Amino acid sequence: MDTRSSNLKSSALSVEQPVGAGTTRPVLRQALRRKNHLDANHGKMGYAFASLYTLLLVAFGIVPTLYAIFLAFTSSSGSFAGVANFVQIFQDYRFLPDVGHVAAFLAIWLVGLVIFVVLLALIVHGIRARWLSGTARFLFYIPGALAGASSVMLWLFVLDPAVSPVSFLLRAMGLQTLVQTISPQHLPIVFAVIAFWTGAGGWIVIMYGALNNISTEIMEAARIDGANAVQIAFSIQLPMMRKWIAYMGIMSLAAGTQLFVEPQLLSQASNAVVGNDYSLNQLAYLYAFQQNNFNGSAAISIVLLVAALALSAVFVARGGLFERD
Amino acid sequence: MTALTERGSRRAGLSQGAVSRATGRTFVGLVLVVFALFFIIPIVWLLFATTKTEQQLVGTNPFSLGSFQGLAANWNSLVGFQSGAIATWLGNSAFYAVAALVLTLVVSIPAGYALALTEFRLRRLLLVVTLVVMLIPNTALVLPIFLEINVVGLIGSPLSVILPFSFFPFGVYLAYIYFSTSIPRDLLAAARIDGCSEFGVFARIALPLAAPVVALVAFFSFVQNWNNYFLPFVMLPSSSQYPMQVGLTSLLASTPAFNPSALGTSPIQLPALALATLVSVAPVIIVFLFSQRFLVTGMTAGSTKE
């Protein structure tokens, strides 16, 4: 709070002084010449500093994207194939079920993520005792260290009633073996829980930071007017967090459509009770490395990319991400 | 003043609001406890599990301590797997993650500086493309990058993971935000007028001031590199080149409890697998513990503020 008020003060002090009031002509010309010279150096420096990054951006951002688009619209011999690759993957018997799997997972995960991250951030932000709020954030954040294969591995144990720390919960739900826990109809929930467990803490910390940026005067005024915590949350804090929620939605959506390591490991651990073609990304992998059909694989990647970008557009529009306050 | 008004409003609301506030507090406390348990139980369980034998793991209380001998036995069985493969994997992970981290810093910090504080013709375009590419999930491009790397004949080389890891647009974006909001342009201009070269302005003035964002980019880059599974899984065919994350799946494949067909080949018991999971995340957890102050205070949010 102290730093914020001092920031305000310093920005108030640094109001620009009007320039050029008493400059004489020769001085002005000299200054201009000097400025041009500096700008030229400046520009060269900009290119130099950005050059390495530009190189990587081209090599691992732009070229792969263009290459994927090229592959998706050509045949294996390199001739133009129109939408044949897309027709082929749409007709693949695994495609539609996989779309369903990924969509179900995304729906459960995104809704859960938005509701619980916002709720927990509001609660943690409302805690007066500093140590308690800090500890809570740290506890929530720690699972973020276990991403990818490690977290799935840990959750294999947690989901196996034979060894699980919460086996009483699993048994209470009528689940006696790992294979029952990870039966196909449970998987979207299982993946959503794993993803939430690893990712939510980071977002809670980010939302907490966003909440800290809301001016205390506004909150204070609302409180004096008799608003309670719930009213403040809905009429002040939530609207101010809108952009951050949209940002979280986009990032999570983009990552979620790419579901790969979770079903891959579960498939391995369940002796293929979970198929190795559960998600779209797995299907793309199978196309490329088992069927040697890179064109079909690229077509799936493009479909995923377009879907992710299109859905992101919804968040951008609803969250007003590109509006200026 | 804050405290005064707060006390005043509290007193006013005491009569009608006391009951509802009590239920509110109970609700808040309950939510906190339930979620704290949810986030922490698996990790606590993992710590206990590494000290147990397979029988103890199945038969005893999940939160009971095994024995030091149990931990040692699990460690030995883990180290014995494919004659010390786990050391190789950890070494590989460290090499890939750190090499890529260094490259990321060398590439992203100057780029962020250039985008924020210099003028050149492609600046806007570069910025927009960076933002768009940030939205593309990195797994989406793994297969095309595989084909590209294949064309240059680098499949199976460490470069096949280090180079793609080093492309970290999020880091560039963080550096850009930091340089454009936290470094006063006047300061740089003053250095220029005092005769400092363009490179000197960056190296002597801007870079020392950017220590927090360098740490932040390093942190995110390291964690992401260490945890990446899909890219090395596709790029590196032989076990001697696996990073730890991919190695874990080899261990899983040799665990009879999860894969009955693995009985013959040097089997891995469940507690040893739990230990491997812990070992695979230990470096990241250590980095987390050291960075928790700046992470948890919400600095991440401040630095990406629009």
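The predictor's confidence in each residue is expressed as pLDDT, on a scale from 0 to 100. The structure is a predicted model, in which local features need pLDDT of at least 70, side-chain atom pairs count only at pLDDT 80 or more, and totals for chains, interfaces and linings use all residues. Residues are numbered from 1 along each chain as its sequence is written, while chains are lettered from A and ligands numbered from 1 in the order in which they are written.

Over residues 1–24 of chain A, pLDDT stays under 50. For this stretch the model has two contacts beyond four places in sequence, a contact being a pair of residues whose C-beta atoms, placed from the backbone, lie within 7 Å. Where pLDDT is low, the predicted coordinates should not be read in detail. Chain A averages a pLDDT of 82, and 85% of the residues score at least 70.

Chain A has 14 helices and zero strands; helices (H or I, at least four residues) and strands (E, at least two) are DSSP runs, numbered from the N terminus. Of the 325 residues of chain A, 40% count as buried. A residue is buried if 20 or more other C-beta atoms, placed from the backbone, lie within 10 Å of its own, exposed if 12 or fewer, and partly exposed in between. Among contacts in chain A between residues at least 6 apart in sequence, 69% join residues at least 24 apart.

Chain A is divided into domain 1 (23–72) and domain 2 (89–319), with bounds that come from an automatic or database domain assignment. The centres of the two domains, taken over C-alpha atoms, are separated by 38 Å. Four residues from domain 1 of chain A and six residues from domain 2 of chain A take part in the contact between them. On the domain 1 side, the residues divide into four nonpolar, no polar and no charged; Ala, Val, Leu, Ile, Met, Phe, Trp, Tyr, Cys and Pro count as nonpolar, Asp, Glu, Lys and Arg as charged, and the others, Gly among them, as polar.

A nonpolar core is a set of buried Ala, Val, Leu, Ile, Met, Phe, Trp, Tyr and Cys residues joined through C-beta atoms within 7 Å. The largest such core has 171 residues, and those with the most contacts inside it include Val117(A), Ile204(A), Tyr113(B) and Ala175(B). Helix H9 (residues 187–212) of chain A gives the most to this core, with 17 residues. Both domains of chain A give residues to the core, so it lies between them. Val213(B) and Val217(B) are among the buried residues of H11(B).

Between the chains, 81 residues of chain B are in contact with 85 residues of chain A. Helix H1 (residues 2–49) of chain B supplies the largest share of the chain B side, 17 residues. By class, that side has 56 nonpolar, 19 polar and six charged residues. Trp45(B) is found in helix H1 of chain B and counts as partly exposed because it has 19 C-beta neighbours inside 10 Å. Beyond four places in sequence, Trp45(B) is in contact with Pro165(A), Pro62(B) and Phe63(B).
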